[in-house]
Amino acid sequence: MILAEELVLLSLDSDRGRIATGIDKRALLRGAAGAILAEMVLRKRVHAAPGGIALSDSLPDFHPLLSEATRLLARERGAIAESLAIRRVASGISGLLRRLLHSLVARDILHDERQAFFVHRYPVRSMQALREVFARVHAVVAGQGGHPELALAACAEASGVLAVRFTSEERFRVRRQIETRREQAVAGGDSEARLILSLAAAIAPDRDR
């Protein structure tokens, strides 16, 4: 799974097959867009540049959503601010959340149950996959995990998923770890972690103001 798929899986009420009550779909959409960009950072497709981020190359990716994000960023001349890049991906990839859900169905992680022809529910099919994704966030809670785990936890926090799907104590510890890792990244020159956390911070809508 890519980070955006993991984020959407975390957001689901596993029994109801719908986004958990309390999670704003607009915030989740921005979170998914931010997670796609964070994935591109992890894959060395995007790097920090004066004024924001820039593509390292414009070649297609193995995952169609990453390829679409690459094409969207390739339209920009030079660097683009993180918050603007998130908006571009969120609005430029049509039906992003729906496509992430369908991708999870194709991976046999979710069921696709149709009701009244047009209404879909996505109950979790693979509880093992769900447990593994929760474990990745719990690694950050425990002060462990690498850049991928940090990216997932930071995007989940910024998009409101953490506040709904984890305990208040777990959320507090994740937020503390994010700040600690940010300080360590600055002090240690870890540009990848800095960029991942900068993208996650830009998920919040008030960053556009």
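How many bridges join strand 3 to strand 4, and do the strands run parallel or antiparallel? The views below begin with the whole chain and return to this pair in the second legend.

**View 1. Overall fold of the predicted model.** The protein has 10 helices and 6 strands; these are DSSP runs, with helices being H or I of at least four residues and strands being E of at least two, numbered from the N terminus. Its radius of gyration is 16 Å, close to the 17 Å that the globule rule gives for 209 residues, so the protein is as compact as a globular protein of that length. The radius is taken over C-alpha atoms, and the rule is 2.2 Å times the number of residues to the power 0.38. The C-alpha trace spans about 50 × 40 × 30 Å along the principal axes.

**View 2. The hairpin of strand 3 and strand 4.** Strand 3 (residues 46-49) and strand 4 (residues 52-55) run antiparallel and are joined by 4 bridges; strands pair if DSSP finds at least two bridges between them. Valine 46 has leucine 55 of strand 4 as its bridge partner. Between the two strands lie 2 residues, and glycine 51 in the turn has a positive phi of about 95 degrees.

**View 3. Packing of helix 2 with helix 5.** The axes of helix 2 (residues 25-42) and helix 5 (residues 96-106) are 9 Å apart, at an angle of about 65 degrees. Axes are lines fitted to C-alpha atoms, for helices over the stretch in contact, and angles run from 0 to 180 degrees between N-to-C directions. The two helices are therefore roughly perpendicular to each other (under 35 degrees counts as roughly parallel, over 145 as roughly antiparallel, 65 to 115 as roughly perpendicular and the rest as oblique). In helix 2, Lys25, Leu28, Leu29, Ala32, Ala33 and Ile36 meet Leu96, Leu97 and Leu100 of helix 5; contact means heavy atoms within 4.5 Å.

**View 4. Crossing of helix 7 and helix 9.** Helix 7 (residues 147-158) and helix 9 (residues 168-188) have axes that come within 10 Å and cross at roughly 120 degrees. Helix 7 and helix 9 are therefore oblique to each other. Helix 7 contributes His147, Leu150, Ala153, Ala154 and Glu157 to the contact, and helix 9 contributes Arg171, Val174, Arg175, Ile178 and Arg181.

**Notes.** Residues are numbered from 1 along each chain as its sequence is written, and side-chain values use heavy atoms, leaving out hydrogens and water. In this predicted model, local features need pLDDT of at least 70 and side-chain atom pairs count only at pLDDT 80 or more, while totals for chains, interfaces and linings use all residues.
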